[in-house]
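Please have the sequence and the structure at hand while reading.

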Amino acid sequence: MASSEIEALTQALARLPGLGPRSARRAVLHLIKKRETALAPLQRALEAVAERLATCGICGNVDTSDPCGVCTDPRRDARSLCVVEEVADLWALDRARLFPGRYHVLGGRLSALEGVRPEDLAIDGLIRRIEAGGVDEVVLAMNATLEGQTTAHYIAERIERFPVRVTQLAHGLPVGGELDYLDEGTLAQALRARRPVA
């Protein structure tokens with residue numbers, strides 16, 4: 001049996017997404033085995049993040065500074081604003097390095113079943129950013145779910161009075177996907193969004 005401290009570490013890791021009890025035990029054993037090269041650096045990194053963790057007051061990103069590194073990056077195009085549901089979506093899009101603008105994190109999506117209303121999200125902050133001027137395009141990068149699309153439509157209606165171009169991420173067939181393996185919703189969206197062959 002492991003000590004109560006080791007067991008507490010195992011249980012803490014097991015609560016992380018993607019790690020169950022067995023994976024957590026393997027991770028703890030690895031950390032113990034590689035104490036100097038794995039455990040100590042992990043401990044230092046966790047302490048540093050815990051001390052400096054902040055939510056960006058401009059976009060809602062999570063970083064170790066407020067405003068975050070994305071909002072303070074002078075190379076970013078402040079005229080383009082990409083609206084995402086969660087910080088994980090911002091990180092995924094930014095990792096691809098395809099969007100040169102800035103972001104706005106809503107903190108969720110509208111959901112009648114879960115009781116998430118417009119005032120529960122950072123929609124008013126988005127409106128204030130657009131009202132302040134300097135934004136030419138708003139990209140609605142919501143997930144292709146019913147709630148995500150409902151959120152996108154709600155935001156589009158709220159900002160239609162502003163002189164900004166509102167766009168949405170394309171949905172449909174993934175690159176390399178085979179029709180045989182796609183669900184009906186993806187196929188229907190791909191057919192609705194069809195375009196002329198160039």
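Helices α1 and α2 cross in a right-handed sense. The contact draws on Ile6, Leu9, Thr10, Leu13 and Ala14 from α1, and on Pro21, Ala24, Arg25, Ala27, Val28, Leu31 and Ile32 from α2. By class, these contact residues are ten nonpolar, one polar and one charged. The model is predicted.

**Geometry of α1 and α2**

- Helix α1 spans residues 4-14 and helix α2 spans residues 21-33; their axes come within 8 Å and cross at roughly 130 degrees.
- Because of that angle, α1 counts as oblique to α2.

**Packing of α2 and α3**

- Helix α3 covers residues 35-52 and packs with α2 at an angle of about 115 degrees, the axes being 6 Å apart.
- α2 is therefore roughly perpendicular to α3.
- On the α2 side the contact involves His30, Leu31, Ile32 and Lys33, which meet Arg35, Ala38, Leu39 and Leu42 of α3.
- The contact of α2 with α3 comprises five nonpolar, one polar and two charged residues.
- Leu31 and Ile32 of α2 take part in the contact with α1 and also in the contact with α3.

**Largest pocket**

- The largest pocket holds about 170 Å³ of space.
- Its lining consists of Ala170, His171, Gly172, Leu173, Ala190, Ala193, Arg194 and Arg195.
- Sorted by class, the lining residues of the largest pocket are four nonpolar, two polar and two charged.

How values were computed
Residues numbered from 1 in each chain as written. Predicted model: local features only at pLDDT ≥ 70, side-chain atom pairs only at ≥ 80, totals over all residues. Heavy atoms only, no water. Axes fitted to C-alpha atoms, helices over the stretch in contact; angles between N-to-C directions. Helix = DSSP H or I, 4+ residues; strand = E, 2+ residues; numbered from the N terminus. Parallel < 35°, antiparallel > 145°, perpendicular 65-115°, else oblique. Left-handed = near helix turned anticlockwise from the far one by under 90°. Contact = heavy atoms within 4.5 Å. Nonpolar A, V, L, I, M, F, W, Y, C, P; charged D, E, K, R; others polar. 1 Å grid on protein atoms, 1.4 Å probe; cavity = no way out; pocket = protein on both sides within 12 Å on 5 of 7 lines; lining within 4 Å. Points joined across faces, edges and corners; volume = space filled by probe spheres on them.
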